[in-house]
Amino acid sequence: MSTNGPNSDLIYKGTTVTIEIDPHAGFCFGVDRAVHLAESLLQKDSQAYCVGDIVHNQKEMDRLSQLGLTFVNHQELENQTSKKVLFRAHGEPPQSYQLANQKQHQLTDATCPVVVKLQQRVKKAWETMINLNGQVIIFGKRNHAEVLGLVGQTQNQAVVIENMNDLDAIDFSRPIEVFSQTTSSLTDYKLFCERITSKAQSTLKINDTICRQVSSREPWLKAFVITVEVMIFVGGTKSSNAKFLHGVCKSHNPDSFLVSGVDDIQMEWFAGKTRVGISGATSTPLWQLQEVAQWLHQNLNEQIKN
Ligand code: SF4
């Protein structure tokens, strides 16, 4: 099965209810690439190991597990030798590469090229900051895999800022260079940058490192969600991107519901409605949106017939 699949079957017209899939939904480029790399690995070998969740989407993980992909943590990676190992799109710190090398694993590195470039920039900034007695700041979620990979470029010395409550961790009298996790909110990052600009007492360099594959979804989603009466947003419960984008939907259309699959759907959401939209997180594959659309198409039109 393809991950995102061809961009067809986006509109399901019923007798009364029309269901439309957001044309900009589906995996981001980096996740789509990682899943395809995993699939090609499993075509050559029936067993491979992925460090961490390849995507924050249980159904896609289950599909890949059935193909032979086993999800392991770093400790489990250390306990094995000479296995086929995949690093996911979020990237890994340098220590993970050393470990894979020591244990003679055959590595397929599916780190998203955008993340690889960001890791290189963070490393370079850290080398500069060491000489200036400065700090590298990462604006993002402290335990997110991408952030751990970025902090690893700085010998674990970068300061991670999740929100304004963490500002005390920054020494504003010293030079500062700032980066953002690729999936942070543009609005939150802008506010954070304004705040540190007003507090900085030494040199300050701000880098815009938010990935447009994610941030551009927000304006498209706003335009889409106001064209439908009910919005079904499909995303994994562990996906921060799903929570964020569902929040965007909800603020523009109160009848927006976050579900991980058809089992979470309640039929009373659709009473008297004729136009339903479906979208998903950057970790939700198009095939899963089509599955929900087909289920709704069948059940809503049956409900109206009865
Ligand atoms: S959100 Fe952007 S940086 Fe992150 S994996 Fe997707 S394409 Fe790559």
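Helix α7 covers residues 186–199, and its 14 residues should span 20 Å at 1.5 Å a residue; the end C-alpha atoms are 20 Å apart, which agrees. The model is a predicted one. Four names make up the buried set of α7: Tyr189, Phe192, Cys193 and Ile196. Viewed down the axis of α7, these buried residues fall within an arc of 100°, so they line one face of the helix. The other side of α7 carries Lys190 and Ser198, which are exposed. An α-helix has 3.6 residues a turn, so residues three or four places apart point the same way.

Helix α10 was examined in the same manner. This helix runs over residues 240–252. Its 13 residues should span 18 Å at 1.5 Å a residue, and its end C-alpha atoms lie 19 Å apart, which agrees. The buried residues of α10 are Asn241, Ala242, Leu245, His246, Val248 and Cys249. Down the axis of α10, the buried residues fall within an arc of 150°, so one face of the helix is lined by them. Lys243 and Ser251 are exposed. Both sit on the face of α10 that is turned away from the buried side.

The space it takes is the largest cavity. Two elements give two or more residues each to the shell around the ligand, namely α5 (113–132) and α8 (212–215). The residues around the ligand include three cysteines, Cys28, Cys112 and Cys211. Val114, Val115 and Val214 are also around the ligand. Gly30, Thr182 and Gln213 complete the list. By class, the shell holds 6 nonpolar and 3 polar residues. No charged residue belongs to the shell.

Helix α5 also holds Ala125. At 3% relative accessibility, Ala125 counts as buried. The C-alpha atoms of Ala125 and Leu41 are separated by 35 Å, with the two residues 84 apart along the chain.

Ala38 is placed in helix α1, residues 29–44. Its relative accessibility is 0%, so Ala38 counts as buried. From Ala38 to Lys190 the C-alpha separation is 35 Å, and the two residues are 152 apart along the chain. Lys190 is one of the exposed residues of α7.

Strand β4, residues 69–72, contains Leu69. Leu69 is buried, with a relative accessible area of 2%. The C-alpha atoms of Leu69 and Val230 are separated by 36 Å. Along the chain, Leu69 and Val230 are 161 residues apart.

Backbone angles were considered next. Most residues other than glycine have a negative phi, and most peptide bonds are trans. Ser82 is not a glycine, yet its phi is positive, at about 50°. Ser82 is placed in the loop between α3 (74–79) and β5 (84–87). With 42% relative accessibility, Ser82 counts as partly exposed. Gln104 is a residue other than glycine, and its phi is also positive, near 55°. The loop between α4 (94–102) and β6 (106–109) is the place of Gln104. At 57% relative accessibility, Gln104 counts as exposed, because the cut-off for that class is over 50%.

A further loop residue is Glu229. The loop between α9 (217–225) and β11 (230–234) contains Glu229. Glu229 counts as partly exposed, at 30% relative accessibility. Its C-alpha atom and that of Asn253 are separated by 7.7 Å. Along the chain, Glu229 and Asn253 are 24 residues apart.

Conventions
Residues are numbered from 1 along each chain as its sequence is written. This is a predicted model: local features need pLDDT of at least 70, side-chain atom pairs count only at pLDDT 80 or more; totals for chains, interfaces and linings use all residues. Side-chain values use heavy atoms; hydrogens and water are left out. A residue is near a molecule or strand if one of its heavy atoms lies within 4 Å of it. On a 1 Å grid over the protein atoms alone, a cavity is a set of points where a 1.4 Å probe fits but cannot get out, and a pocket is an open set with protein on both sides within 12 Å along at least five of seven lines; lining residues have an atom within 4 Å of a point. A molecule sits in a cavity or pocket if more than half of its atoms lie within 2 Å of its grid points. Ala, Val, Leu, Ile, Met, Phe, Trp, Tyr, Cys and Pro count as nonpolar, Asp, Glu, Lys and Arg as charged, and the others, Gly among them, as polar. The expected span of a helix is 1.5 Å times one less than its number of residues. Buried means under 20% relative accessible area, exposed over 50%, partly exposed in between (1.4 Å probe, protein chains only). The arc is that of the directions from the helix axis to the C-beta atoms.
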